[in-house]
Amino acid sequence: MPAPDLRDHQQGPTPAGQPPAGVGPRSGPERNTRPAGRRGWVPLLVAVLIGAGVGILGTVLHLHFSWIGGTTTDEGAWVLPWGAVLALLLVASAQLWWTLRSSLAWTGGVVAIAAFTTAMAMGNWPGLDTFAVAANDYTFAVVPGPAIAGTVWIWGIPVVAIITMLWAQPLLRHPAARD
């Protein structure tokens, strides 16, 4: 099939490298619209995937803890839930990274929501209590380390999400110069 003849549409000389007015990818009714990939569903999908991945990794990581000042039977001993702290740092860093990478403030919130939803889903998965320990008086008395680590992990995600979103706002308002 021969190519269409565009000679009738040309309107005279144009600056070097630019097509004539009315011809090219930026002409027509879709002019001045946002590219679909940049502001459409792609940032949302990536935010959900990042949040789900961080939620899985954080849920697996959060149960690491250490006893400071003795063991569980000692009166002065207390739990250091370092796994939960590292998991929360993972959520914050992933949330901040995707917020700044996408240049959209709402994507960080989606990352945090997906991480929280994934952690809750894994904790309430039917079958063995592999990923979560209930936070009640009994578990705090019998297995305080996992109960404290789980509580810090689950309820730390929304706190970290809000702090990270507030922290990212000034960085989005004054973007750094790019090469």
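Okay, opening question: is W155 buried or exposed? W155 comes out exposed, at a relative accessible area of 55%. For the cut-offs, buried is under 20% relative accessible area, exposed is over 50%, and partly exposed sits in between, with a 1.4 Å probe and protein chains only.

Quick housekeeping. This is a predicted model, so local features need pLDDT of at least 70 and side-chain atom pairs count only at pLDDT 80 or more, while totals for chains, interfaces and linings use all residues. Residues are numbered from 1 along each chain as its sequence is written, and side-chain values use heavy atoms, with hydrogens and water left out.

You describe a pair of aromatic rings by the distance of the centres and the angle of the planes. The rule here takes rings of Phe, Tyr and Trp (its six-membered ring) with centres within 6.5 Å; planes under 30 degrees apart are stacked, over 60 edge-to-face, and the rest tilted. That gives three aromatic pairs. One of them is W97 with W98, a tilted pair at 5.6 Å centre to centre and 40° between the planes. W97 is partly exposed at 48% relative accessibility, whereas W98 is buried at 11%.

Back to W155, then. Its ring centre is 6.2 Å from that of F116, and the planes are at 50°, so this pair is tilted. F116 sits in helix α4 (residues 105-123) and W155 in helix α6 (residues 144-173), so the pair ties together parts 39 residues apart in sequence. Helices, by the way, are DSSP runs (H or I, at least four residues), strands likewise (E, at least two), numbered from the N terminus. F116 counts as partly exposed, at 23% relative accessibility.

Now helix α3, residues 82-102. Its 21 residues reach 30 Å from first C-alpha to last, close to the 30 Å expected at 1.5 Å a residue; that expected span is 1.5 Å times one less than the number of residues. The buried residues in α3 include G83, A87, L88, V91 and W98. Just after α3, S103 takes a positive phi of about 60°.

Last bit: the surface. I68, W78, L80, W82, V85, L86 and L89 make a nonpolar patch of about 630 Å². Patch members have over 30% relative accessible area and no salt bridge, and nonpolar side chains (Val, Leu, Ile, Met, Phe, Trp, Tyr) are joined within 5 Å. A salt bridge means a Lys or Arg side-chain nitrogen within 4 Å of an Asp or Glu carboxyl oxygen. Which element gives the largest share of the patch? That's α3, with four residues. W78 is in strand β2, and W78 is partly exposed at 48%.

Methods. Patches are made of residues with over 30% relative accessible area and no salt bridge: like charges are joined within 9 Å, nonpolar side chains (Val, Leu, Ile, Met, Phe, Trp, Tyr) within 5 Å. Accessible areas come from the Shrake-Rupley method with a 1.4 Å probe; for residues, only the protein chains shown count as cover.
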